[in-house]
Amino acid sequence: MTTALITGSTAGIGAAFARRLAADGHDLVLVARDTKRLREQATELHDRHGIEVEVLTADLATDQGIEAVAARLTDPRNPVDLLVNNAGFGNKGRYLDVPMADELRMLKVHCEAVLRLTGAAAEAMRTRGRGGIVNVASVAAFVPRGTYGASKAWVVQFTQGAARDLAGSGVRLMALAPGFVRTEFHQRAGMGTDNIPGWMWLDADKLVASALADLSRGKTLSIPDPRYKALMGLVKVTPRALLGGISSRTGRKYGPQ
Ligand SMILES: NC(=O)c1ccc[n+]([C@@H]2O[C@H](COP(=O)([O-])OP(=O)(O)OC[C@H]3O[C@@H](n4cnc5c(N)ncnc54)[C@H](OP(=O)(O)O)[C@@H]3O)[C@@H](O)[C@H]2O)c1
């Protein structure tokens, strides 16, 4: 029996990871801030799939929250085989519209927490000679679009670099870059979604299935879905200045996060 720890497990993409991993028979450690919701999720997954589920209430925008999760990841009596660094959020508005405190909170959750939790997990996994880490980024990482995209670009670069450094250790690292997914993300950030064309929306369960298949194939970057693979192919050959213009006009109020 293996154990997976998922941050931001109670909604959206994290909840889809929890459903899929539970159905596959993994024990789970679920992390988020809302304890009541975590407990309800744990009970449901335990009852449906007969797996063991722990809940860990932690705010990853705080040092205490990050340290509590890192301590769980390094507990030698209860090893974690798969870490999914998924917790994240968006801030509505362009650069300088968003208060600096909110920008710093985003960096703490998207970058510092991911760095520290990846480090804690990878160290323990390297000692055991096996393990997997999925860091959830976004296709916003590949276009010049504000601090959200910049934070997710860091996740991609960091994860692929660390994967290379740990090659041969038995520890697999993969950045996951989804396009639009219907979750609580946009509503929580106060962003409207009416202008996003229907074809751009991905299904969270299919996204997770595709991500886990990519992880087992040893990929260090997963861009689920042929539509987004094609779009990201176009992005690669589009001049940066043009891309910046398109990207800053589109999707800031509504945009891919
Ligand atoms: N939805 C999209 O279109 C999309 C596209 C690309 C990438 N992503 C990325 O996918 C990841 C998941 O997003 P989602 O769309 O599934 O969002 P979501 O539905 O809003 O869920 C966010 C989850 O993260 C938890 N969370 C938020 N802040 C936290 C904090 N400070 N500490 C601990 N947990 C926290 C939330 O629970 P609590 O509130 O209880 O803490 C919740 O479980 C994010 O990294 C996001 O950037 C989303």
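**Burial, pairing and packing**

Visitor: At 16% relative accessibility, does Lys 108 count as buried or exposed?

Guide: Buried means under 20% relative accessible area, exposed over 50%, and partly exposed in between (1.4 Å probe, protein chains only). The value for Lys 108 is 16%, so this residue counts as buried. This is a predicted model, in which local features need pLDDT of at least 70, side-chain atom pairs count only at pLDDT 80 or more, and totals for chains, interfaces and linings use all residues. Residues are numbered from 1 along each chain as its sequence is written, and side-chain values use heavy atoms, leaving out hydrogens and water; the answer for Lys 108 is buried.

Visitor: With which residue does Lys 108 form a salt bridge at 3.4 Å?

Guide: A salt bridge is a side-chain nitrogen of Lys or Arg within 4 Å of a carboxyl oxygen of Asp or Glu. With N and O atoms 3.4 Å apart, the partner of Lys 108 is Glu 112.

Visitor: Which residues are linked with Lys 108 and Glu 112 in a network of salt bridges?

Guide: A search of the whole structure finds 18 salt bridges. The network holds Lys 108 and Glu 112, together with Asp 63, Glu 67 and Arg 116.

Visitor: How many residues apart in sequence are the parts that Arg 72 and Glu 54 tie together?

Guide: The side chains of Arg 72 and Glu 54 meet in a salt bridge of 2.9 Å, N to O. Arg 72 lies in helix α3 and Glu 54 in strand β3, so the distance in sequence between the tied parts is 18 residues.

Visitor: How wide is the arc that the buried residues of α3 cover around the axis?

Guide: Helix α3 spans residues 63-73, and Gly 65, Ile 66, Val 69, Ala 70, Arg 72 and Leu 73 are buried there. They sit on the same side of α3, because their arc (taken from the directions from the helix axis to the C-beta atoms) is only 160°.

Visitor: Which strands stand at the edges of the sheet?

Guide: Two strands pair if DSSP finds at least two bridges between them. The open sheet has seven strands in the order β3-β2-β1-β4-β5-β6-β7, with parallel pairing. An edge strand has a single partner, so one side is left without a neighbour in the sheet; the edge strands are β3 and β7.

Terms used: Helix = DSSP H or I, 4+ residues; strand = E, 2+ residues; numbered from the N terminus.
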